[in-house]
Amino acid sequence: MAATNRADILDPALLRPGRFDRRVPVELPDLKGREEILKVHAKNIRVGDNVDYNAIARMASGASGAELANMINEAAINAVKNGRKFVNQSDLFEAFELVAVGGKEKKDRVMSDKERKIVSYHEVGHALVSALQKNTEPVQKITIVPRTMGALGYTLQTPEEEKYLETKDELLAKITTFMAGRAAEVLIFHSATSGAANDI
């Protein structure tokens, strides 16, 4: 038995009949699958009554089983760090941000007032344009606290339902929302920064 996410680089000798000639593709889990994976990995952890696995699974669209397991682990670590015996919803949300969004918060990162203001307008640009359009996902959180993976802030949108298809209007709304941070910078400061590089 073997597993790889890069079947294209396997030696052709391995794929000849009689060797690894059976392929079983494993897709990323859907909403129900993500929720069940979270529950499986939380089985050996003390979890509080307020934990809503469905809410985390909904936010973690596109996450693999390994990433979901990592979220549970990070939530448990966070609970212990804060002196609690049970994992709560905020631990899970923080773990989701750590794994899926981009590292830990860097509250000690020194940013000038001007940079903070630019990041604020940038993120509000995303949120406002998202709220003013049809065919967008609701905004869950806006922050200008930098993270270890390079993000100086972000606007988190959560899908209301699991989707497998996107319409042209939904895709255009997404592109418009992505570009709104840069547009806000240009509108307010008459110049764009490199902060929009990841959006583009």
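Which residues does Glu-185 touch, not counting residues up to four places away in sequence? In this predicted model, local features need pLDDT of at least 70 and side-chain atom pairs count only at pLDDT 80 or more, while totals for chains, interfaces and linings use all residues. Residues are numbered from 1 along each chain as its sequence is written, and side-chain values use heavy atoms, with hydrogens and water left out.

Helices (H or I, at least four residues) and strands (E, at least two) are DSSP runs, numbered from the N terminus. The C-alpha atoms fill a box of roughly 65 × 45 × 35 Å along the principal axes. Of the 200 residues, 30% are buried, that is, under 20% relative accessible area with a 1.4 Å probe, protein chains only. Contacts are heavy atoms within 4.5 Å; among those between residues at least 6 apart in sequence, 61% join residues at least 24 apart.

Now to the residue of the opening question. Glu-185 lies in helix H6, which spans residues 168-189. Its contacts, with residues up to four places away in sequence set aside, are Ile-118, His-122, His-190, Ser-191, Ala-192 and Thr-193. Glu-185 is buried yet has no salt bridge, a term for a side-chain nitrogen of Lys or Arg within 4 Å of a carboxyl oxygen of Asp or Glu. The nearest side chain of opposite charge, Arg-182, is 6.7 Å away; here Lys and Arg count as positive and Asp and Glu as negative, with His and the chain ends not counted.

How values were computed. Buried < 20%, exposed > 50% of the residue type's maximum accessible area, 1.4 Å probe, protein only.
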